[in-house]
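Open the model in your viewer and keep the sequence panel beside it. The stops below say what to select next and what is there.

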Amino acid sequence: MTVPQPPEPIPGARLLFSLDPSVSHLNHGSFGAVPIGVQRAQQRLRDEMESNPLRFFTQGLVDRIAHTRRHLAGFLGADPDGTALVGNATTGVAVVLQSLGLRPGDEVLTTDHGYGAVGFSVQRECRRTGATHRALHVPLTASDEEVVEIVRAGLRPGRTKLLVIDQLTSATARLFPAAAVVGVAREHGVPVLVDAAHAPGMLPITVASIGADFWVGNLHKWAFAPRGTAALVVAPPWRERIEPLVVSWEQETGFPARVEWQATLDYTSWLAAPAGLFTLRSLGLDRVRAHNAALAAYGQRVVGDALGVAPADLPEPGGPTVSMRLIPLPRGVATTMDAAKALGARIAERLAAEVAVMTWNDRGWLRLCGQIYNTPDEYDRLAVRLPALLAKG
């Protein structure tokens, strides 16, 4: 089999960012990268805020947030009245969990592909309420149909009070059939929270068509918003039950304002988020998605080949626009979280490359991303140098 051809570069894309040019930034999925134009838009808002804080916070800010929310919800294909802006996906998950009213005997069901911090949040709420957390094992090679059947078999109607399913997993870069899973859970009366942290900007989604009770996604990863920008979308039956983590002055207004308003929070990241969408649209959404997915596939293959991984053993992401790819590391490498962090740090220090080293199912994995500021030679350099670094231990 031939190595996938890298995509044609998007002219001038690298100049849109202030990233250190001496480093290969191959891990956009963790913290994103904010285009310079979006940075400047946020700075103008901060300048406005600091020029007269009292006026900024007390004259029209709630309306400006609501206007921004409507803009972002439109991009996501979500109901603006059911969408609240929050700091990140894990914040949205925590809001939902503490609004459920869990009791002893209830359970929250997840899969073993879930994001670690979400798992911690579930465990904390279960400890607080006496509920239990159960995780379903989903093989990395499971088909969409098999994922749905694993979930169907794992549901306990009457006891399972929430199913948390990833739309695109962080640890394993796998696209799950979220809408199909929601349909199965609805048949059994089980509410579903879709963790779509990586979806906005990367995937061509319409949140309303997924049909989840709760959906949460970050816009500061693949949608070029400033960090601290995410959307929590809640179905109509649940909106009056949603409570913020911290009560503030919009409490009596109801959802979504009661969740959004957090006193002297720096709201400039939200207000600048439309500038990120403008950047995406100016470049061409389909063009960016195709470029990033093709580049990630190229990187997966050349690095996989360098590590001696057969093409058949390179996990497929399950979707044509997925811009993250997984490569298995040699057996015994990065099998714990601490070891994975240490390896990631060594790669950054010695190879000048920022990558994600993951641990899943007692195996170490390398997760590579593709973004418009990346070039094929960055993956080529990593492929040449990584085997020697791993051999040294």
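**A buried alanine**

Start by selecting A173, which is buried, with a relative accessible area of 3%; buried means under 20% relative accessible area, exposed over 50%, and partly exposed in between (1.4 Å probe, protein chains only). This is a predicted model, in which local features need pLDDT of at least 70 and side-chain atom pairs count only at pLDDT 80 or more, while totals for chains, interfaces and linings use all residues. Residues are numbered from 1 along each chain as its sequence is written, and side-chain values use heavy atoms, with hydrogens and water left out.

The phi angle of A173 is near 50°, a positive value in a residue other than glycine. A173 belongs to the loop between β5 (160-166) and α8 (178-187). Helices (H or I, at least four residues) and strands (E, at least two) are DSSP runs, numbered from the N terminus.

**Strand β5 and its partners**

Two strands pair if DSSP finds at least two bridges between them. β5 pairs in the parallel sense with strand β3 (residues 107-111) over three bridges; select L109 to see it opposite L163 in β5. Strand β6 (residues 192-195) is also parallel to β5, joined to it by four bridges, and in β6 the bridge partner of V164 is L193. From β5 the chain crosses through α8 to β6, a right-handed β-α-β crossover (with the strands pointing away from the viewer, the path from the first strand over the helix to the second runs clockwise).

**The seven-stranded sheet**

Now show the whole sheet. This open sheet of seven strands has the order β2-β8-β7-β6-β5-β3-β4, with mixed pairing. β2 (83-86) and β4 (132-136) stand at the edges with a single partner strand each, so one side of each has no neighbour in the sheet. On average, neighbouring strands here are turned by 20° against each other, direction ignored. For this and later angles, axes are lines fitted to C-alpha atoms, for helices over the stretch in contact, and angles run from 0 to 180 degrees between N-to-C directions.

Select T83 and its bridge partner in β8, V233.

**Helices across the sheet**

Next, select helix α5 (residues 89-99). Eight of its 11 residues are buried, so α5 is largely enclosed by the rest of the structure. Which residues of α5 are buried? They are A89, G92, V93, A94, V95, V96, L97 and S99. α5 lies across β2, β3, β5, β6, β7 (214-218) and β8, at about 160° to β7; contact means heavy atoms within 4.5 Å. Following α5 is G101, whose phi is positive, near 70°.

Helix α6 (residues 116-129) lies across β3, β4, β5 and β6 and runs at about 145° to β4.

**Aromatic cluster and a cis bond**

Select F56, F57, W261, Y267 and W270, which form one aromatic cluster. The structure holds seven aromatic pairs. The rings of Y267 and W270 have centres 5.5 Å apart and planes at 70°, so this pair is edge-to-face. Rings of Phe, Tyr and Trp (its six-membered ring) pair if their centres lie within 6.5 Å; planes under 30 degrees apart count as stacked, over 60 as edge-to-face and the rest as tilted. Y267 is buried at a relative accessible area of 0%, and W270 is buried at 3%.

Then move to F255 and P256, joined by a cis peptide bond with omega about 10°. P256 is in the loop between β8 (230-234) and α10 (257-260).

**The three-stranded sheet**

Last, select the open sheet of three strands, with the order β9-β12-β11 and antiparallel pairing. β9 (324-328) and β11 (356-360) are at the edges, each with a single partner strand, so one side of each is left without a neighbour in the sheet. The twist averages 35° from one strand to the next. β11 and strand β12 (residues 363-369) run antiparallel and are joined by five bridges, with T359 opposite G364 in β12. Helix α12 (residues 285-306) lies across β9 and β12, at about 10° to β9.

Select R363 and W365 together: the charged end of R363 sits over the ring of W365, 5.7 Å from its centre (NZ of Lys or CZ of Arg is within 6 Å of the ring centre and within 35 degrees of the ring normal).
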